Amino acid sequence: MNWEEDEEKLLPSQRPEWSDVSPLPQDDGPNPVVPIAYKPEFAETMDYFRAVYRADERSPRALQLTHQAILLNPGNYTVWHFRRLILETLSKDLQQELDYVSKIAEKNSKNYQIWHHRRWLAEKLGPDAAGRELKFTEKILSGDAKNYHAWSHRQWVLQSLGGWDDELEYCHQLLEEDIFNNSAWNQRYFIITKSPLLGGLQAMRESEVKYTVAAILANPENESPWRYLRGLYKDDPKSWIHDPQVSTLCLKVLTSSGTNHVFALSTVLDLLSHGLQPSRELREAVDTLNPNSSSTKDSLGNTICSVLEHADAMRVNYWRWRKSQLIV
Amino acid sequence: MGELAADKHVKYILAVEKRKDNFESAVLEHLRMNGAYWGLTTLDLLGKLDAVDSNEIIEWILKCQHESGGFAGNVGHDPHILYTLSAIQVLALFDKLNVLDVDKVSTYIAGLQNEDGSFSGDIWGEVDTRFSYIAICGLSILKCLDKINVERAVNYIISCRNVDGGFGCTPGGESHAGQIFCCVAALAITGALHYVDKDLLGWWLCERQVKSGGLNGRPEKLPDVCYSWWVLSSLTMIDRVHWISKEKLIKFILNCQDTENGGISDRPDDAVDIFHTYFGVAGLSLLEYPGVKAVDPAYALPVDVVDRIFFGK
């Protein structure tokens, strides 16, 4: 692949190798619905692309043309399709093509076509591509740690090509950088439930609970670890309500001042609805938060809902509904 | 509170039809079919669909169809399931589904179903729950759902359900409001909503509302007008839309308008585009904002259009 800057700037009409081709203009019809306006070089490059696409010319010069078209508009899926056809016909080196995609992806990390092209390449290259793909997604995530495409690609690589060894550690690194990264929490769950190198959810539960509790105590207003904690007891609510670490955590959060108590309160509410027998300390902690002291006769669940109707006023209808669902 | 500048938005959409000097729209050329759907559905919701010439549009749509039965994003492009649905939806707006060779289109869509029940976007095989929704929505409108294996399609969607009650693009994928809309709508259309934990998902969805009143798509992300559609339509389909603060969301959407030149942007003071204009108006429709027609949360078309498909004529 020739990356010379000067050569790239030459339009097809300025190159002798294109003199045999008649460019095809965009056919928008007489009164296009949503007509597109073009800069001249864009129009010209696309006109030549249309010509080779129509002729199904799968040549080196056509490949170069798809490159130029992609530079102008990496979202054009037809250009990527045709590029794949050419790559197959010419039996091009796919590792080199990965180099190419990496360069384009630097500035277009949210583009569906690029990620799909990459997956197509990796699939063809097989398990040997695993390391490289993990490195690539790592690079993208270092610029945008929540990039949905990157995470989706990374999950596919792990499941199809392998490379699980360092994944939990990688998740930990990302959470150190941003404990609020929901994608990293999701990946953590993905790993502990699906990695062939770990023992599965139940085996990992103990260590993961400790990890999550620490994260919550550092930032109790963080939605993700609260959900993660609940997920660790998937299909096993009994263990969840009987694990002293969970209620202790809630108590700790509820008794610290100046803290966002919303998720702690809603967790206690969930625990109650699954049969938790609350301790005296827990009741007292919740009562302290209740601005309406005349309702001391209310059940704990009722009190929690009353507190949340004020503390999380945006969702007042939700908390009122929760209250209505309580078995007194 | 401000008001919906409906006339300005109509003018904006119609102007986009005629504008010839906008380079940014050049990069959207390949998805013009989607653009047509967003623009025309918005016009219909604002009661102004008659401002366009349906015959010209239909003529252009048919030029985008391929031998395979699928539709491309524009003339000279390859077919893809994304544009096939938009084509069907636009024809439905004009009550011209009869111009379609229904057998041909439905065979194209059905042919994209995989062994595990998932759907690919096109011959290149990308799999995503977005495509499950598109296939189910499109085939339902064409009344050809029996051409696919519905049970497997539903099973695949359920395999993408997460512990938080949400859905991702593939099994294990992070819950994301856009993917959730696709999965919930697909389950609604196939009569499989009982697989959704409505209380759990409803809470996850209403947690998307942030201080400004706008909605985000995942925890700790910025609000964006397009989530006014994806989160709201999902909440509507599971009967939990009252769990968010409607007034605050309306205010957020209205603040995202360009009241001078028309159009709506992703968040206040950003540049407008057709995509966000549609989602803002559709969101307001779900919030029962006056002057906007009712929209169907699963089919993403005006309710009277959906009624016409299933009950009319």
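1. V292(B) is buried, with a relative accessible area of 12%, where buried stands for under 20% relative accessible area, exposed for over 50% and partly exposed for values in between (1.4 Å probe, protein chains only). The residue belongs to the loop between α12 (274–286) and α13 (303–310) of chain B; helices here are DSSP runs of H or I with at least four residues, numbered from the N terminus. Apart from neighbours within four places in sequence, V292(B) is in contact with L4(B), L45(B), L46(B), V281(B) and S285(B), contact being heavy atoms within 4.5 Å. Of these, L4(B) is 288 residues away in sequence, yet 9.4 Å away in space, C-alpha to C-alpha.

2. On provenance, this is a predicted model, in which local features need pLDDT of at least 70 and side-chain atom pairs count only at pLDDT 80 or more, while totals for chains, interfaces and linings use all residues. Residues are numbered from 1 along each chain as its sequence is written, chains are lettered from A and ligands numbered from 1 in the order in which they are written, and side-chain values use heavy atoms, with hydrogens and water left out.

3. In helix α3 (residues 54–63) of chain B, the buried residues are I57(B), I58(B), W60(B) and I61(B). Because they cover an arc of only 160° around the axis, they lie on the same side of α3(B), the arc being that of the directions from the helix axis to the C-beta atoms. N55(B) and E59(B) are exposed on the other side, and the cover over the buried residues includes α2 (32–45) and α4 (81–93) of chain B.

4. Helix α7 (residues 130–143) of chain A has buried residues A130(A), E133(A), L134(A), F136(A), T137(A), I140(A) and L141(A). These fall within an arc of 160° seen down the axis, so they line one face of α7(A). They pack against α5 (94–105), α6 (112–125), α8 (148–161) and α9 (167–177) of chain A, whereas the face turned away carries the exposed residues K135(A), K139(A), S142(A) and G143(A).

5. Between chain B and chain A, the buried area is about 5,400 Å², with carbon and sulfur atoms giving 54%; this is accessible area (1.4 Å probe) that two parts lose on being put together, summed over both. In chain B, R32(B), W124(B) and W203(B) lose the most area to chain A, together 15% of what that side buries. The contact takes 65 residues from chain B and 55 residues from chain A.

Notes
Helix = DSSP H or I, 4+ residues; strand = E, 2+ residues; numbered from the N terminus.
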